[in-house]
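Here's a quick briefing to read alongside the model. Have the viewer open and follow along.

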Amino acid sequence: MKMHFCIPVSQQRPDGLGGRYVLYSVYLDGFLFCRVRYSQLHRWNEQLRRVFGNSLPPFPPKHYLAMTTSMADERRDQLEQYLQNVTVDPNMLRSDVFVDFLKLVQLDTFSITTKKVSLDIFLPDGRSIKVEALTSDTAERVLEVVSHKVGLCRELLGFFGLFLIQFCKEGKLSVMKKLVDFELPYVSLRSSEVENCGIGLRKWYLDPSLDSRLMDCRVAIDLIYMQAIQDIEKEWAKPTEEQKQKLEALRKEDNQTKFLELSQEVRHYGYVQLDPCTCDYPEPGCGAVISVGNNEISCCVTLPDNQTQDVIFQMNRVKCWQVTFLGSLLDMDGPQQTLNQNLELRFQYGEDSHWQWFVIYTQQAFLLSSCLKKMISDKMVKLAAENPEMQIEVPEQGKSRKYHVQQSQKACSSFLPRKSKIKIVEVDCGFGTIKEDL
């Protein structure tokens with residue numbers, strides 16, 4: 001699936017010859033990723049085309065005369081579509097020419113040179129380990145270094161990921177985003193405006209039954225056991241009183257396997273919980289706590305009379321969703337380097353042959369969208385395991401695993417200034433046909 005790339009603004013800058021050039025601010029998952037010129041992207045496209053030929057999406061043509069405002073906006077839109085479409089091909093995401101360019105522009109944008117650094121990586125239980133890395137090491141590379149240090153089986157790397165995490169008061173934490181494979185963790189951490197942030201290692205699947213795939217690796221069990229304990233302590237997972245007593249007894253016995261087996265029965269085990277936000281259901285302005293996992297969006301809604309109502313949306317009834325940025329970025333030279341203010345995610349939901357739009361207003365809209373995509377990916381992986389004679393291609397952050405299922409995909413792009421449509425994903429109820437609009 002496409003990644004959450006967008007170019008909400010561009011700026012004209014003077015060059016050294018008395019002329020001017022346009023600098024494009026590229027955002028990924030709501031965070032400033034890099035600033036690049038058209039000429040840089042054009043050269044990159046030429047390099048990619050020499051390797052991948054006509055499989056590349058169309059690149060906006062050069063203009064040899066001065067561009068009007070409408071032409072400049074059109075080029076920005078086209079570059080945005082190009083970045084979204086070029087990330088669909090997992091083979092391209094793994095290529096050196098793709099990764100090396102994106103590493104370079106990340107470093108250049110934030111004026112960071114390549115050097116050795118020591119990174120603190122937080123484990124699910126809150127402890128941190130130090131790993132030696134380069135500022136130019138990608139998240140994929142850092143994850144490999146972390147897995148080697150803790151002894152995690154290499155073949156299980158795809159079940160884990162590195163996340164940008166904010167550590168809040170009273171021991172709470174907030175997951176800001178998952179780092180994609182070609183992101184540079186050191187740069188992402190340095191450039192983030194979020195206070196008290198760190199890089200954390202967490203499992204990256206939202207189907208709790210996939211725990212079973214990790215049970216032959218002692219370190220993997222340790223990691224998901226730590227996360228299970230943390231999620232219960234943070235009240236992301238919500239055991240009953242009886243379950244709490246049984247889990248506490250198993251924890252005292254250090255019976256991790258039985259603890260994880262019982263955790264499967266706990267409400268919201270293995271889910272990602274967002275920070276408190278607002279929604280428009282059952283009426284506008286209701287407070288909500290959103291938990292995502294196990295093929296559902298679970299909302300605990302606070303009504304105007306302060307009563308709470310649990311609302312569950314099943315993923316197989318979600319037709320499509322979109323993330324919308326509701327504001328504008330005016331001072332791009334200032335500190336504002338995220339799109340996390342004024343974001344909404346709206347999804348179309350079908351019940352009894354009736355389709356309705358629901359809106360969630362949350363700073364973590366991009367994370368929520370990533371979680372929805374991940375649930376689709378998990379579903380396809382399970383379908384492949386249950387039907388080995390079929391084949392599905394499940395691209396996951398630069399890794400491609402081939403399975404076999406009938407799948408079609410259509411993509412297009414649009415950008416609206418001020419109220420900017422950044423992401424739309426459409427999925428049919430049976431998870432067979434996927435349509436992404438960006």
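This is a predicted model: local features need pLDDT of at least 70, side-chain atom pairs count only at pLDDT 80 or more; totals for chains, interfaces and linings use all residues.

Residues are numbered from 1 along each chain as its sequence is written, and side-chain values use heavy atoms, with hydrogens and water left out.

**Confidence**

- The protein averages a pLDDT (the predictor's confidence in each residue, from 0 to 100) of 85, and 84% of the residues score at least 70.
- Residues 400-438 are the stretch to watch: pLDDT stays under 50 there, and the model has 139 contacts beyond four places in sequence for them. Contact here means heavy atoms within 4.5 Å.

- Helices (H or I, at least four residues) and strands (E, at least two) are DSSP runs, numbered from the N terminus.
- Three strands make an open sheet in the order 1-2-3, with antiparallel pairing; two strands pair if DSSP finds at least two bridges between them.
- Strand 1 (5-14) and strand 3 (31-37) sit at the edges with a single partner strand each, so one side of each has no neighbour in the sheet.
- From one strand to the next, the twist averages 25 degrees. For angles in general, axes are lines fitted to C-alpha atoms, for helices over the stretch in contact, and the values run from 0 to 180 degrees between N-to-C directions.
- Strand 2 (residues 20-28) and strand 3 run antiparallel and are joined by six bridges; Tyr24 has Val36 in strand 3 as its bridge partner.

- Which order do the strands of the five-strand open sheet take? They go 5-4-8-6-7, with mixed pairing.
- Strand 5 (128-134) and strand 7 (173-178) are the edge strands, each pairing on one side only.
- Ignoring direction, neighbouring strands of this sheet are turned by 45 degrees against each other on average.
- Strand 6 (residues 160-167) pairs with strand 7 in the antiparallel sense over five bridges, and Phe167 stands opposite Leu173 in strand 7.
- Helix 5 (residues 139-150) packs on this sheet and touches strand 4 (116-122), strand 5, strand 6 and strand 8 (197-203); its direction makes about 130 degrees with that of strand 5.

**Helix 1 against helix 4**

- Helix 1 packs with helix 4 (residues 96-109) at about 165 degrees, axes 10 Å apart.
- That makes the two helices roughly antiparallel; angles under 35 degrees count as roughly parallel, over 145 as roughly antiparallel, 65 to 115 as roughly perpendicular and the rest as oblique.
- Their crossing is right-handed: a crossing is left-handed if the near helix is turned anticlockwise from the far one by less than a right angle, and right-handed if clockwise.
- Among the residues in this contact are Leu41, Trp44 and Leu48 of helix 1 and Phe98, Phe101 and Val105 of helix 4.
- By class, the contact has ten nonpolar, two polar and no charged residues. Ala, Val, Leu, Ile, Met, Phe, Trp, Tyr, Cys and Pro count as nonpolar, Asp, Glu, Lys and Arg as charged, and the others, Gly among them, as polar.

**Helix 9 and its two partners**

- Helix 7 (residues 218-233) packs with helix 9 (residues 256-263) at about 50 degrees, axes 10 Å apart, which means that helix 7 is oblique to helix 9.
- Helix 7 passes helix 9 in a left-handed crossing, and the contact residues divide into eight nonpolar, two polar and two charged.
- Helix 8 and helix 9 pack at about 160 degrees with axes 8 Å apart, and are therefore roughly antiparallel.
- Helix 8 also passes helix 9 in a left-handed crossing; its residues Gln243, Lys246, Leu247, Leu250 and Arg251 meet Lys258, Phe259, Leu262 and Ser263 in helix 9.
- The contact of helix 8 with helix 9 has four nonpolar, two polar and three charged residues.

- The Tyr281 to Pro282 peptide bond is cis, with omega near 5 degrees; Pro282 is in the loop between strand 10 (277-279) and strand 11 (286-293).
- Glu235, a residue other than glycine, has a positive phi, near 65 degrees, and is found in the loop between helix 7 and helix 8 (241-252).
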